[in-house]
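The sequence and the model are shown first, and the description follows.

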Amino acid sequence: MKKTAYIGLLCALAIILGYVEMLLPVFPFAPGVKLGITNLVTVFLLYSFTYKEAALVSCIRIVCIGFMFGNLFSIVYSLAGAFLSLLCMTLAKKIKGLSMAGVSVIGGVTHNIGQLIIAALVVESGSVFFYFPILLCAGTITGLLIGIVSSEIYKRIPGRIGNDSVFKR
Amino acid sequence: MKKKDLFLIGILLAAGIMGFVVFKGIQKSASSNEQILKISVDGEMYGEYSLKNKQEIKIGNTNVCQIEEDGRVSMIEADCPDHLCVKQGKIKEFGESIVCLPNKVVLEIVTDDEKTEKIDSIAK
């Protein structure tokens with residue numbers, strides 16, 4: 001039961017972070033470049049629990065944010081990025097020698113790639129791939145920042161909640 | 001942070017910067033040709049416009065874009081909820097584009113010879 005409450009709490013946090021991110025200004029030179037602070041929660045969950053919990057929270061966050069501030073379109077668009085990045089992060093986590101920062105960098109970059117692919121499919125034009133280099137750099141830098149912050153949070157949360165027997169069903 | 005992390009970050013940044021340099025190179029070599037604005041909606045060609053004429057172009061009922069005197073193109077109106085395309089600002093160089101995803105509108109700057117090539121291939 002404690003696990004359910006904990007995941008609920010993190011869902012709320014993810015939604016708030018998603019809202020905060022919407023308030024941040026858009027970079028004029030590169031459309032769609034965002035800090036990705038909601039990825040903090042995803043990376044944290046991926047390490048504290050498993051990819052399943054991370055996917056659940058991402059899904060709830062995107063649907064809630066989508067219905068509150070966006071539309072059906074923005075939900076699909078976000079889901080594509082979130083799930084490609086979660087898939088790649090889950091795989092990257094299995095690579096030995098890659099720390100949270102590296103996993104988060106992979107997440108940031110693949111999130112951008114996922115959205116770019118959807119964008120290219122929707123507009124049926126390859127012109128969006130001209131932004132690929134910028135998005136690659138941006139994804140790496142934001143991913144690194146998020147990775148460093150989430151590893152610091154992960155270190156400081158007492159008792160490593162995910163491994164705590166209380167949280168196992 | 002471990003060695004592999006730094007390695008990964010290094011590779012990704014290098015790839016990004018290299019891509020950017022290549023893109024800039026393409027832009028430079030294309031700048032000698034005349035640039036035009038190509039508008040497409042839902043993957044279909046909507047129209048091509050010279051950057052020399054100052055004008056406002058209505059795209060369907062959803063978007064309005066503007067060409068300024070100095071050839072800079074911007075989206076000035078859109079009925080989509082996020083208005084990302086309007087916030088993006090102005091584009092001028094070859095290869096740059098403004099995309100309004102909800103309305104599937106793409107503003108793209110291409111060179112004029114791309115157009116002639118297309119006509120040639122149709123003529124063939």
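A crossing of two helices is called right-handed if the near helix is turned clockwise from the far one by less than a right angle, and left-handed if it is turned anticlockwise. The model discussed here is predicted.

**Overall make-up of chain A**

Chain A contains 6 helices and 0 strands, and its elements follow one another along the sequence as α-α-α-α-α-α. Of its 169 residues, 51% count as buried. Where contacts in chain A link residues at least 6 apart in sequence, 70% of them join residues at least 24 apart.

**Two helix pairs**

Two packed helices are described by the angle between their axes and the distance between the axes.

| Helix pair | Residues | Axes come within | Crossing angle |
|---|---|---|---|
| α1(A) and α3(A) | 2-23 and 51-69 | 9 Å | roughly 45° |
| α2(A) and α5(A) | 39-48 and 100-123 | 11 Å | roughly 130° |

On the α1(A) side, the contact is formed by K3(A), I7(A), L10(A), C11(A), A14(A), I15(A), G18(A), Y19(A) and M22(A). The α3(A) side contributes E53(A), L56(A), V57(A), I60(A), R61(A), C64(A), I65(A), M68(A) and F69(A). Sorted by class, the residues of this contact comprise 14 nonpolar, 1 polar and 3 charged.

The axes of α2(A) and α5(A) cross at roughly 130°, and these helices are therefore oblique to each other. Their crossing is right-handed. In this contact, N39(A), V43(A), L46(A) and Y47(A) of α2(A) meet M100(A), V103(A), S104(A) and G108(A) of α5(A). The residues involved divide into 5 nonpolar, 3 polar and no charged.

**Cysteines**

How many disulfides does the structure hold over all chains? The number is 0. A disulfide requires two cysteine sulfur atoms within 2.5 Å. The cysteine sulfur closest to that of C64(A) belongs to C11(A) and lies 7.5 Å away, so the separation is too far for a bond.

Is C64(A) buried or partly exposed? C64(A) counts as partly exposed because its relative accessibility is 30%. In chain B, C100(B) is buried, with a relative accessible area of 1%.

Technical notes
Residues numbered from 1 in each chain as written. Chains lettered and ligands numbered in written order. Predicted model: local features only at pLDDT ≥ 70, side-chain atom pairs only at ≥ 80, totals over all residues. Heavy atoms only, no water. Buried < 20%, exposed > 50% of the residue type's maximum accessible area, 1.4 Å probe, protein only. Axes fitted to C-alpha atoms, helices over the stretch in contact; angles between N-to-C directions. Helix = DSSP H or I, 4+ residues; strand = E, 2+ residues; numbered from the N terminus. Parallel < 35°, antiparallel > 145°, perpendicular 65-115°, else oblique. Contact = heavy atoms within 4.5 Å. Nonpolar A, V, L, I, M, F, W, Y, C, P; charged D, E, K, R; others polar.
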